[in-house]
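Hello,

Here is the structure for you to look at. Please open it first, then read my notes below.

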Amino acid sequence: MENPQPEPKIETKNKKLLFIHPGGLGDVVLLLPALQNLRDGFEPDWQIDLLVEKRAYQGSLELFSINKIVDKVKTFDFKNKYALLQFPELIRQIGGYSTVISSGSSPLVSLLLFFSGAKKRVGFKSNLDFLLTDPIKLNKEQYAARMLWELTQPLTRVITQKTDKEKAIPQLKLDTKAIPVEGLLTGRYLLIHPGVSVLSIIKRIIKTPGSFFWSDLIDKLDQKLKNTDIKIALVAGPDEKEIAKEIIKNCKSASNKIVDLSESSFSLPELIQLIAGSAAFVCADSAPLHLGICVGANIVALFGPTDPNKLLPNANDYTSLYGGNTLSLVKVTNLLCQPCLWNRRSQSCGAPICVDWQDPNVVLEALSGVLDLKVAKESHL
């Protein structure tokens with residue numbers, strides 16, 4: 001009897017997807033609902049990779065160590081002035097995938113996706129969208145996370161029970177809410193992240209008030225909270241340490257309620273835990289703001305030249321999703337020139353009154369509402 005012939009080997013389908021998403025860490029956080037939608041809508045054995053800018057690479061690695069919806073994070077220096085000379089390297093990086101998606105709105109994105117060789121090419125409509133298999137209408141006049149989420153809709157097959165509004169708000173599930181700075185900060189605290197980086201000043205991208213505003217706010221908070229056990233903690237990124245020193249130096253109060261964490265080095269997961277454990281989080285338009293949204297913190301967000309309608313979810317949807325926690329917007333009102341940054345200009349104007357005229361008392365008023373909700377019976381604020 002002859003030995004049976006082995007069955008012919010059948011090649012498995014290429015189950016690899018790449019999402020190309022230029023931008024900073026905040027932009028990657030806004031992409032979370034879209035990536036989660038892909039993970040929910042594709043079979044579990046699909047490989048979902050992400051290609052980000054160099055400046056967002058390390059933060060993305062740490063972010064997806066918490067939420068493992070991405071298999072591999074890759075990087076390309078899109079901002080490099082020699083990026084065009086490295087085009088062959090970029091093509092190599094995006095090759096080998098059956099499905100490629102890009103959040104870029106330039107017509108050249110369609111050309112890039114075409115050169116990837118992927119059978120499924122998804123991007124926003126443009127003059128070259130005939131090179132795409134699935135051109136998606138771009139609606140920039142909405143929350144950016146929802147705009148990116150809509151980009152993935154043609155590819156997904158599973159509909160969850162969550163509403164569309166909930167699915168378009170970035171979320172992170174933390175294993176624990178333990179405060180990562182034990183010994184430095186215990187009990188209840190307000191967390192302040194000023195978002196005044198040296199780099200933003202050099203590049204003239206001013207989205208937040210200067211150091212004197214934050215010093216004044218901390219002094220007023222110290223008076224407001226003097227009969228409570230709530231501490232006031234200042235945290236800053238690596239590029240904000242010098243300005244954080246100015247803020248503390250300019251504070252008139254020497255209260256032990258003020259905790260300077262700006263010299264402490266936190267990993268991204270630790271910063272997220274710190275935000276999640278706060279009674280309230282005060283910040284400007286920055287990546288930490290979006291991280292706060294991910295964990296449902298009580299947030300008071302300061303906005304100046306940028307458009308909060310594109311960078312914040314609906315406040316009622318946020319409160320509904322997170323069981324009563326609030327998202328409060330603070331901005332100078334009745335400015336005809338606002339918003340301008342990224343809408344009409346790529347740098348701040350010479351007289352950014354939208355940040356210079358911010359009033360600490362308005363922030364205090366928003367915080368009082370949060371504290372009344374969370375601790376009024378104990379602190380008598």
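Helix H6 is mostly covered: six of its eight residues are buried (buried means under 20% relative accessible area, with a 1.4 Å probe and protein chains only). They are Ala144, Ala145, Met147, Leu148, Trp149 and Leu151. Helices (H or I, at least four residues) and strands (E, at least two) are DSSP runs, numbered from the N terminus.

A word on the source: this is a predicted model, where local features need pLDDT of at least 70, side-chain atom pairs count only at pLDDT 80 or more, and totals for chains, interfaces and linings use all residues. Residues are numbered from 1 along each chain as its sequence is written, and side-chain values use heavy atoms, without hydrogens and water.

Now the sheet. Six strands form an open sheet in the order E3-E2-E1-E4-E5-E6, with parallel pairing (two strands pair if DSSP finds at least two bridges between them). Strands E3 (72-75) and E6 (134-136) are at the edges; each has a single partner strand, so one side of each has no neighbour in the sheet. Strand E5 (residues 120-124) runs parallel to E6, joined by three bridges. Valine 122 stands opposite aspartate 134 in E6.

Next, the core. Which residues have the most contacts inside the largest nonpolar core? They are Phe19, Leu35, Leu38, Leu50, Leu63, Phe64 and Ile299, in a core of 65 residues. Such a core is a set of buried Ala, Val, Leu, Ile, Met, Phe, Trp, Tyr and Cys residues joined through side-chain atoms within 4.5 Å. Helix H11 (residues 268-276) gives the most to this core, with six residues.

Best wishes

Key. Buried < 20%, exposed > 50% of the residue type's maximum accessible area, 1.4 Å probe, protein only.
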